[in-house]
Amino acid sequence: MNKSVKQAKRKAPLMKTSKLVRKVKLKSKAQPKRKSAPPVSLVREPLTHYGLTPVTQVNGSHRFIDLFCGIGGFHRAFEKQGGHCVFASDWDKFSQVTYRANFPNTTLIGDITKVSVEDIPEHDVLCAGFPCQPFSLAGVSKKNSLGRKHGFEDERQGNLFFNIAAILDHHRPAAFVLENVKNLKSHDKGRTFKIIHETLTRDLGYHVYYRIIDAQSVVPQHRERIFIVGFREPRFFEWPEFPKDGPRLGEILDSKVEVKYTLTDHLWSYLQNYARKHQEAGNGFGFGLTNKDGIARTLSARYHKDGSEILIDQGRGVNPRRLTPRECARLMGYPESQKIVVSDTQAYRQFGNSVVVPVVERIAGSVINALHEPVLENEPLIMELGEPKVGEVEAEIGPTSRKKRKAYAVPA
Ligand SMILES: C[S@@+](CC[C@H](N)C(=O)[O-])C[C@H]1O[C@@H](n2cnc3c(N)ncnc32)[C@H](O)[C@@H]1O
């Protein structure tokens, strides 16, 4: 990228920086510097934006950053689509151990709020599964009951979105992919999502798509998450297709499992009594007993506590068992090569917090495809389709057929 194009990119299309973004103070410059220059990106600048020849073909690597990286679900997915991770951040020391064991060559730093945006390398795609606690129903009700703040009022976690916004504002990557719990959309009567959406679109000038996706078409787990995809310029973006029928648990279960994963008599009768009490009180809460022909409930970060949300039936006369960490890895779509180098407790927590790799892999593919297409001349149309059903489109933007897309594309 030559200097003048680079300067033009800095100026456009964002002219206005949100007050909220400005509010974020990016404090220290004490983070590690890159040892060697990152690879030159092949995701070219949208030259049409500057009245130059549009790029229709992109081959090779795109650079991405992996914020709130956990154990690297985004990393695996984008790498599989030909990407190269140039920076990662997670402040949890156990996640860092796992991340380093799996991605020893990636620059990994801790608290993102302590990093100066200038110290983050240039990148084409920003990835972030930002912490969901302040937005999740569990987190909200727990915090409410404790009389504590939540959402954006939560000073410790709620504002992390604005760290992402500040990085977008500074680096202007060609695209981003954000992930969060499904109820981010409805949190605080929709106000939380509205602020996020407005910051990304109105303040930062990105063209944003979002969708709730249930991972059960690619892994044997009901897991709904919201994905927010944005492009610096209008792009033709199509959400990936997902298979209609997903796999069953039998495909990821080991036939022989250590006895320690079988529930003790004490824990099993406790869970049954607890479920009975709640049923009598008219609450649906209980354990999730399933077998090789079923699918799992959502694996949570607290699975290590009692394993109650996913229990595997072992037949008559034997207490059910919980999943092993390796089975959890498969449940989240990680390959067998994923190194598990922490205790079972930490491993359960890490997989419970992770993204489902094959879901992100498909989204990454669609994002990269969109970046390979010419920039559109017009702002894509937005059609709100109402509340989605499981795995369905939440909001669809832009021309939906190749023919229409041609009409939108900038002529070469
Ligand atoms: C929902 S998890 C993301 C998991 C990740 N997407 C994956 O695939 O494993 C959120 C992560 O954000 C990290 N985190 C929270 N606050 C942070 C901060 N200020 N700086 C860096 N990481 C942070 C947590 O440690 C946690 O691992």
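How many bridges join strand β9 to β10, and in which sense do the two strands run? Two bridges join them, and the strands run antiparallel. This is a predicted model.

**The three-stranded sheet**

Strand β9 spans residues 311-312. It belongs to an open sheet of three strands. The order is β8-β9-β10, and the pairing is mixed. Strands β8 (289-290) and β10 (321-322) form the edges, since each pairs on one side only. In general, strands of a sheet pair through backbone hydrogen bonds, either parallel or antiparallel.

**A parallel pair**

Strand β1 covers residues 62-67 and pairs with β2 over six bridges. Here the sense is parallel. L67 stands opposite S89 in β2. Strand β2 covers residues 83-89. Six of its seven residues are buried, so β2 is largely enclosed by the rest of the structure.

The two pairs, side by side:

| Pair | Sense | Bridges | Facing residues |
|---|---|---|---|
| β1 and β2 | parallel | six bridges | L67 and S89 |

**The nonpolar core**

The largest nonpolar core has 90 residues. Inside this core, V125, C127, M332 and V367 have the most contacts. Helix α12 (residues 357-372) gives the largest share, nine residues. Why does this core lie between domain 1 and domain 2? Both domains give residues to the core, so the core lies between them. Domain 1 comprises 12-42 + 59-246 + 356-408, and domain 2 comprises 249-353.

M332 deserves a separate look. Setting aside neighbours within four places in sequence, M332 is in contact with V219, L299, F351, S354, V356 and V357.

**The ligand shell**

Which residues come nearest to the ligand? They are F68, G70, G73, D92 and G129, out of 21 residues around the ligand. By class, the shell has ten nonpolar, eight polar and three charged residues.

**The chain as a whole**

The chain has 412 residues, and 42% of them count as buried. It holds 13 helices and twelve strands. Among contacts with a separation of 6 or more, 70% join residues 24 or more positions apart.

Notes
Residues are numbered from 1 along each chain as its sequence is written. This is a predicted model: local features need pLDDT of at least 70, side-chain atom pairs count only at pLDDT 80 or more; totals for chains, interfaces and linings use all residues. A residue is near a molecule or strand if its C-beta atom, placed from the backbone, lies within 6 Å of it. Ala, Val, Leu, Ile, Met, Phe, Trp, Tyr, Cys and Pro count as nonpolar, Asp, Glu, Lys and Arg as charged, and the others, Gly among them, as polar. Two strands pair if DSSP finds at least two bridges between them. Helices (H or I, at least four residues) and strands (E, at least two) are DSSP runs, numbered from the N terminus. A nonpolar core is a set of buried Ala, Val, Leu, Ile, Met, Phe, Trp, Tyr and Cys residues joined through C-beta atoms within 7 Å. A residue is buried if 20 or more other C-beta atoms lie within 10 Å of its own, exposed if 12 or fewer, and partly exposed in between; C-beta atoms are placed from the backbone. Domain bounds come from an automatic or database domain assignment. Two residues are in contact if their C-beta atoms, placed from the backbone, lie within 7 Å.
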